[in-house]
Amino acid sequence: MFMHVFSYRLKCLIRDKELVFWTLLFPIVLATFFYFAFGHLTTELEGFEPIKAAVVDNEAYRRNTQFRQVLESLSEEGKNQLLDLTLADEDEAGRLLEEGSVAGIITVGDEIGLTVKQSGLNQSILKSILEEYVHTVNTVSSIISKNPGAVWQLIGDIQDRKTYTQQISFSDAVPDTMLGHFYALIAMACLYSAFWGLRNTIDVQADQSPQGARRSVAPTHKLYVVLSDSLAAFAISFLEVLVLIAYLAFVLGISFGSQIGYVLLTCVAGCVAGVSFGNFIGTFIRTSESVKTGILIGSSMLMSFLAGLMWVDMKEVVARNAPVLAYINPAALISDAFYSLYVFDTHRRFFINIGMLFLISAVMCGISFVHLRRERYASL
Amino acid sequence: MQVFKAYFKVMRGSATFLAISLGIFMSLAILFSSIAPKTAADKFEPTKTPIAVINRDGDSQLARGLVDYLGKTARVILYPDDEEKLQDALFYRKVEYIAIIPPGFSDAFTAGEDTAIQKVIVPDSTSSHYVDMSIDRFFNAVRLHRLYGGEEDEASLVSAAMADLSSDIPVTIMSSGAGNDGSPPPESYYYQYCAYALLAMIITGVSSVMITFNEKDLYMRNLCAPLPKRSMNLQLAAGHGVFALGCWGMLVVGSFVLHSDTLLSSDLTGLYLLNTLVFAVVCTSIGFLIGSFVKSTGAQMGATNVIALGMSLLGGVFVPQSIMSKSVLAVAKFLPSYWYVLANNGISELSATFGDYLRPVFGSMLVQLGFALAIFAVTLLMSKEQKVS
């Protein structure tokens, strides 16, 4: 009996093309847009490239051999290249700066100076490079004043600057902020499973639809009906989220870390939460179907927004200012579960997220159950 | 006038959706304009990268000297020595660099052994190079003093190095015509986001009414009414026009409410308004296209969302065009929203002297009108064929 209701429910749901669009195609299309709009933003925005600078080619510059050598060695092509230097006369350099093709102009006169158009990271690095030269000159002169004999050794030693940093990593994850958008998108897709849950409750309540009325008078036990309906909704939404994840991972190359089992568990928890959310709205709120759909769209959008769908920092802002909200918002829990799988080596935070998701689902299912059981209608 | 009146009666059906779109847009506009950068630079401010310094080396002078020095060249944010919190902070860029002074670092350093500060960074990011430079500079200065300066104890090494590192080089800011720090003014962001609001509202409104009027039975009944078809179409067109103008008007009023101080005094306001009006025409044409071919409300919602979000995301409404990848931008040229944003950026970069700079702005507006014209023409042609068949 159970299988019978289940399989027919599956067929019913999957033939609802509109819902298939919203729950499967829409997230995929949105993911594609996201990918093209800012998929590579982190590398393009933050990645280091040698800084373009112009140097005014005047008499003073040509005479200052040391400084010239330093600049030349910094612009040598290779792994340690910091500068991309252009020699130009004063007018030419000014024009290059004005049109934005160099970040700053280095001038050598009585002292070394820098001209820029605006403050910024590249400009600050230019300043820092020039200061480094000035500071080294300071060090050398202060040492020579104390210990004149060291001059030759010292000059030999300056050539060989040591680096004093060593990159380590807490985990293998590259901290790419843009991943947050995609994790929030999966959260949105999971929450959209609520459409299937809502559709189920419409089709099972006698005052909501003719199907509901017919099914209410059928001799099948209500619990069977509700359970098999929910299972069908879950099966479809889980499959859809898997398709989305596969698309993200294999077509767009979004990274989820290497723990595939936990990723699947997150999808299960997300879809369960989504379907229960739909059940909850369908039973708890008693209005027309279109208003319920509106509430569903609005609330899932709001939750996804708070989880960082449109603005990735939002999730962090919420977690800092209203931590409770982060623990009861299913979208935030889902995206945070993906995030903690990707970033952390430990699973404590991951399991808190998953646990909260199941807890919230249980509460919503419980409320829908109370509303659905023993319903009596005066007239149908 | 019946058709024109009926137009707005039908429109009332989508009023809730339109109000929600407008409400969401306005709240986002307020949110974003409140966080938009408002720095006007007349003097150079070196960037201070947010970093976290974790000192596991106890209370040594050298470690404390480094923290002091980094406090001057970067923005040190206090974090506990907790990996999870630090990783969180790095992922969301609360800090861009985590420097860990390992245990025994100062002893190894003063003994002349090879040792290093451990760093956790966004690999190969520009800001990490910037902080690397500060750290290397500090330790190289200390090293030279230790080797050749005859200093022995850590405190005097650190103070000698700090003295060397304190001098500054002069930075001049070359004033550009625009007289700002290069980031567009907040009202420009408002008009940029307007593209999404206009797309969502006008497409939904126009297509909803058209779907109703194109319903088969209703359409056939209207055909046998004594009202000439031309008059009916003209009234519908007038309805579209008035509705689009209304949406545009509401957004314009919103812009004056939020940015009245700058907009009322700026010469550029007229150009911003013209550009948005041109884009409203494009949106109307898209609404007309969808309304002519889509039959159900569900499909209409799907098409509207995909088009509005797609055009906004790919055209550079949500993500600035200057940082989008070149290949995406090349494709985005086929979207009217690209030209809208291009014109909007062009306007925001204009300064007091207009002259030749206006040409590209008007060019982008003309391209938008071209899109609108093309979409209208294609729709009319195709819908005529459809109706004949």
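Keep in mind that the model is predicted.

Salt bridges come first. Over all chains, the count comes to 24 salt bridges. I will take three of them.

Start with A:R199 and A:D16. Their closest N and O atoms are 3.0 Å apart. A:R199 sits in helix α10 of chain A, and A:D16 sits in the loop between α1 and α2, so this pair ties together parts that are 183 residues apart in sequence. Is A:R199 buried or exposed? A:R199 is buried, because its relative accessible area is 18% and the cut-off for buried is under 20%.

Next, a bridge between A:K127 and B:D168. Here the closest N and O atoms are 3.1 Å apart. A:K127 belongs to helix α7 of chain A, while B:D168 is in the loop between α7 and β5 of chain B, so the pair joins two chains. Look at the two ends. A:K127 is buried, with a relative accessible area of 9%. B:D168 counts as exposed, at 55% relative accessibility.

Third, A:R286 with A:D207. The closest N and O atoms are 2.8 Å apart. This pair links distant parts of the chain, 79 residues apart. A:R286 lies in the loop between α13 and α14, and A:D207 in the loop between α10 and α11. A:R286 is partly exposed, with a relative accessible area of 42%. A:D207 is partly exposed too, also with 42%.

Now the network. Which residues are joined into one network by salt bridges that share partners? They are A:R9, A:D16, A:R199, A:D203, A:R215 and A:D229.

On to the second largest pocket. Its volume is about 1500 Å³. The lining has 35 residues, and A:S73, A:L74, A:L82, A:E132 and A:R161 lie nearest the centre. Both chains contribute. Among the elements that each supply at least two lining residues are α5 and α7 of chain A, and β4 and α6 of chain B. By class, the lining has twelve nonpolar, 13 polar and ten charged residues.

While we are on helix α6 of chain B, note B:T126, which lies in that helix. At 8% relative accessibility, B:T126 counts as buried. B:T126 and B:E96 are 30 residues apart in sequence, and 10.0 Å apart in space from C-alpha to C-alpha.

Last, the surface. A:V324, A:L325, A:Y327, A:I328 and A:I352 form a nonpolar patch with about 450 Å² of accessible area together. Helix α16 of chain A gives the most to this patch, four residues. A:V324 lies in that helix, and A:V324 counts as exposed at 61% relative accessibility.

Conventions. Residues numbered from 1 in each chain as written. Chains lettered and ligands numbered in written order. Predicted model: local features only at pLDDT ≥ 70, side-chain atom pairs only at ≥ 80, totals over all residues. Heavy atoms only, no water. Patch = residues over 30% accessible without salt bridge, like charges linked within 9 Å, V, L, I, M, F, W, Y side chains within 5 Å. Areas by Shrake-Rupley, 256 points an atom, 1.4 Å probe, with all protein chains shown as cover. Salt bridge = Lys/Arg side-chain N within 4 Å of Asp/Glu carboxyl O. Buried < 20%, exposed > 50% of the residue type's maximum accessible area, 1.4 Å probe, protein only. 1 Å grid on protein atoms, 1.4 Å probe; cavity = no way out; pocket = protein on both sides within 12 Å on 5 of 7 lines; lining within 4 Å. Points joined across faces, edges and corners; volume = space filled by probe spheres on them. Nonpolar A, V, L, I, M, F, W, Y, C, P; charged D, E, K, R; others polar.
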